[in-house]
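Please read the points below alongside the coordinates. They cover selected local features, with cut-offs given where a term comes up.

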Amino acid sequence: MIGRRAMGNYAYASARVKTRKSFLYPKETYLKLLQMDLPEISRFIEESRYKKEIDELANKYSGIDLLEYALNLNMAREMNEVLDFCQGEMKILLGAYLMKWDVWNIKSILRGKNYGASEDEIKETFVPAGELRMSTLVDLIHKGSIPDVIEGLNGTRFYKPLSSSLEEFNRTHTLSRLENNLDKAYYAYLLSIKLAGTSADELMMTFVRREVDITNLRTLFRLKRQGLEHEKIMDYIVPGGKLKADEMRKLAQAPSFDEFVNLVKDTPYWPDLAEAVENYRATGSLNAIEVALTRADISYADKISHAYPLSILPILGYTVRKQVEVNNIRTIARGKEVNLSNEVIRNQLVI
């Protein structure tokens, strides 16, 4: 349990975040970007609030690489600026939540090493908004192998969950267990936070538990479609969600994908998923389900933020929406780069 700390500057931080949220792109902007070609999109972004990062990186990168680096750098700075103007328990809770970017960055390094990506290609994906500084991440890139990367994390909270599954990686050369253990370690840490003399951690736990459910549902849809044995599926389930362990086990044990879907209908998440599941039946693609789960996460964040305006929740909700904005811009730009149709790109957007 973390001892009593200053309560936090809730009114000030919430007002600051409300202002920043008003600058996020509305749906109409994404529809406008869809009608542009890649050079026009680049010019639009260069003239937006991403201009500082574009200008800063323009001497080193160009084209889609410049856009990628600028988007991630802007998001990292945004997260760190929000953390900087939070105080007391708000800073503790937000700092813990932003460790999601440590997990993101470590996964990027592991994937890059596993698939032979260049150091620049790996670095392009970084969002240094967690505990691990950019210098540490760059040092990890320079490691010669995945076991070396894991050893380089010795002394951090990520070392034990990674090293415990290194033997399986050496045998299978697949990253699924390493990545899943990172997710489990991250959420276990968040759900263990207790602040003495305050209910702020309880509000955050409500938010996090639902996020765990969203993470688990993504995993279940993917693995059930693959036909993985239910006991193996349970190994990938992150504990601590609002759905209880026996409910998750029941979903995992469904003998077919269709029967799994019928069981999902009994969860609170079905209204958000019904249309997307019909899309899956028509197309065979899980993309609509992935998008629907993200939309559900955002919708819940907005709802609970309005219910508790002077709490950590509006801050967490803003960080989720900022991430969605960056992902949407990247999706449009990458889609244009490979000549996807506007309809295909639009279906991948969270709007």
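1. Which residue's side chain does a polar contact join to that of Asn-74? The partner is Lys-322, at 2.8 Å. A polar contact is a pair of N or O atoms within 3.5 Å; within protein, one must be able to donate a hydrogen and the other to accept it, and residues adjacent in sequence count only if both atoms are side-chain atoms.

2. On conventions: this is a predicted model, with local features needing pLDDT of at least 70 and side-chain atom pairs counted only at pLDDT 80 or more, while totals for chains, interfaces and linings use all residues. Residues are numbered from 1 along each chain as its sequence is written, and side-chain values use heavy atoms, with hydrogens and water left out.

3. Asn-74 lies in helix α5; helices are DSSP runs (H or I, at least four residues), numbered from the N terminus. With a relative accessible area of 6%, Asn-74 is buried (buried means under 20%, exposed over 50%, partly exposed in between, with a 1.4 Å probe and protein chains only). Leaving aside residues up to four places away in sequence, Asn-74 touches Arg-49, Tyr-50, Glu-53 and Lys-322, where contact means heavy atoms within 4.5 Å.

4. Cys-86 sits in the loop between α5 (63-85) and α6 (88-97) and counts as buried, at 2% relative accessibility. Its C-alpha atom is separated by 6.9 Å from that of Gly-8, 78 residues apart along the chain. Beyond residues up to four places away in sequence, Cys-86 touches Asn-9, Ala-13, Lys-91, Leu-94 and Ile-315.

5. Helices α18 (residues 270-283) and α19 (residues 287-307) pack at about 170°, their axes 8 Å apart. Axes are lines fitted to C-alpha atoms, for helices over the stretch in contact, and angles run from 0 to 180 degrees between N-to-C directions. The two helices are therefore roughly antiparallel (over 145 degrees; under 35 is roughly parallel, 65 to 115 roughly perpendicular, the rest oblique). On the α18 side the contact is made by Asp-272, Leu-273, Ala-276, Val-277, Asn-279 and Tyr-280, and on the α19 side by Ala-288, Ile-289, Ala-292, Leu-293 and Ala-296. These residues divide into 9 nonpolar, 1 polar and 1 charged. In this scheme Ala, Val, Leu, Ile, Met, Phe, Trp, Tyr, Cys and Pro are nonpolar, Asp, Glu, Lys and Arg are charged, and the others, Gly among them, are polar.

6. The count of aromatic pairs is 11. Rings of Phe, Tyr and Trp (its six-membered ring) pair if their centres lie within 6.5 Å; planes under 30 degrees apart are stacked, over 60 edge-to-face and the rest tilted. Tyr-12 and Phe-85 have ring centres 6.3 Å apart and planes at 85°, so the pair is edge-to-face. Tyr-12 belongs to helix α1 (residues 10-22) and Phe-85 to helix α5, so the pair ties together parts 73 residues apart in sequence. Tyr-12 is partly exposed at 44% relative accessible area, whereas Phe-85 is buried at 9%.

7. Phe-257 and Tyr-280 form a tilted pair, 4.9 Å centre to centre with 40° between the planes. Phe-257 is in helix α17 (residues 257-264) and Tyr-280 in α18, so parts 23 residues apart in sequence are tied together. Both residues are buried. Together with Phe-221 and Phe-260, they form one aromatic cluster.

8. For a backbone check: His-173 has a positive phi, near 60°, in a residue other than glycine. His-173 lies in the loop between α12 (166-172) and α13 (176-192) and is exposed at 52% relative accessibility.
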